[in-house]
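Visitor: I'd like to learn how to read helix packing and a nonpolar core. Can you walk me through a case?

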Amino acid sequence: MGLAEQLAREAGALVHEGRPDRVEVAATKSSPQDVVTAMDLASERLLRERLAQHRPQDGILGEEQGHEPGTSGVTWVVDPIDGTVNYLYGIPAYAVSVAAVVGEPDPATWRVVAGCVHAPVDGRTFTAGLGQGAFLDGRRLRVNSAVPLELSLVGTGFGYVAERRRAQAAVVADLLPLVRDIRRIGSAALDLCTVAAGGLDAYFERGLQPWDLAAASLVAQEAGAVVRGLHGRPAGTAMTVAGPQATVQALTTFLEERAADTGA
Ligand code: IPD
Ligand code: CA
């Protein structure tokens, strides 16, 4: 088992087994809806401790405690709980995400070399190595073949700030009549891994952070997905679109027409 998987499983066990019946909000970030629980903090602490033991030369970028540069050229990009609102409510769709990237921990330039997304409630474990394929519990993954947009099941997500959500809702209102249906799972990492496994035909979201994207983008890519932004840009905070090439092309055209990667 690779280190990314080992760490994601250990942190996943901590958050799942340690979840109290009623989870309290420890702090809020960009808005009252953008919450941190004690377990987000404990999980990231554990990941940092383990990385300091196993890879003392490497950097770490985590959602809750920021960037600590290293000297090796490798940075671990971790999300201690992706899907914190689901975790708060006891909805199983949350995951621990751990990736190793070479270069700056910036989706515009990084090379993601290994990643694991582990959903501790049902135990699903997605792993990928650069050039080595993507796997769910050891079974090789492949994205769905492209189908027309009207037959595509499309995942998406929303930010935490009201103005951003208004803009995202307007895009979804235009898209919904054009597709099979929309899903909002509540964890960007699981959305991307679900595309890899064929449980969604495609996915798009504005506002993703490096820790949402790192491990899961490699899983999706290694399963044959195109993962990119609009206007030929790399996937990142402005926009991430993922799926088989032709579906991504159709979605990209739709999103570019609405300038969905700009404004709020
Ligand atoms: C969030 C989830 C959600 C996505 C948000 C992310 P968090 O991450 O991935 O699905 O729509 O953009 O911020 O806050 O649960 O780590
Ligand atoms: Ca998180």
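Visitor: Which residues in α4 meet which residues in α7?

Guide: First, some ground rules: this is a predicted model, where local features need pLDDT of at least 70, side-chain atom pairs count only at pLDDT 80 or more, and totals for chains, interfaces and linings use all residues. Residues are numbered from 1 along each chain as its sequence is written, chains are lettered from A and ligands numbered from 1 in the order in which they are written, and side-chain values use heavy atoms, with hydrogens and water left out. Contact means heavy atoms within 4.5 Å. Here Val171, Asp174 and Leu175 of α4 meet Leu251, Phe254 and Leu255 of α7.

Visitor: At what angle do α4 and α7 pack?

Guide: Axes are lines fitted to C-alpha atoms, for helices over the stretch in contact, and angles run from 0 to 180 degrees between N-to-C directions. Helices are DSSP runs (H or I, at least four residues), strands likewise (E, at least two), numbered from the N terminus. For α4 (residues 162-175) and α7 (residues 245-257), the angle is about 125°, and the axes are 11 Å apart. That makes the pair oblique, since under 35 degrees counts as roughly parallel, over 145 as roughly antiparallel, 65 to 115 as roughly perpendicular and the rest as oblique.

Visitor: And how are α1 and α2 arranged?

Guide: Helix α1 (residues 3-17) packs on α2 (residues 38-54) at about 150°, their axes 9 Å apart. So α1 is roughly antiparallel to α2. Among the contact residues, Leu7 and Leu14 sit on the α1 side, with Leu46 and His54 on the α2 side. By class, this contact has 10 nonpolar, 3 polar and 2 charged residues. Ala, Val, Leu, Ile, Met, Phe, Trp, Tyr, Cys and Pro count as nonpolar, Asp, Glu, Lys and Arg as charged, and the others, Gly among them, as polar.

Visitor: Which residues of the largest nonpolar core touch the most other members?

Guide: Such a core is a set of buried Ala, Val, Leu, Ile, Met, Phe, Trp, Tyr and Cys residues joined through side-chain atoms within 4.5 Å. Buried means under 20% relative accessible area, exposed over 50%, partly exposed in between (1.4 Å probe, protein chains only). This core has 40 residues, and those touching the most other members are Val77, Val117, Phe126, Leu141, Leu190, Leu192 and Val219. Elements giving it two or more residues include β7 (111-119) and α5 (188-197). Its largest share, 8 residues, comes from α6.

Visitor: Where is Ala108?

Guide: In the loop between β6 and β7. Ala108 counts as partly exposed because its relative accessibility is 47%.
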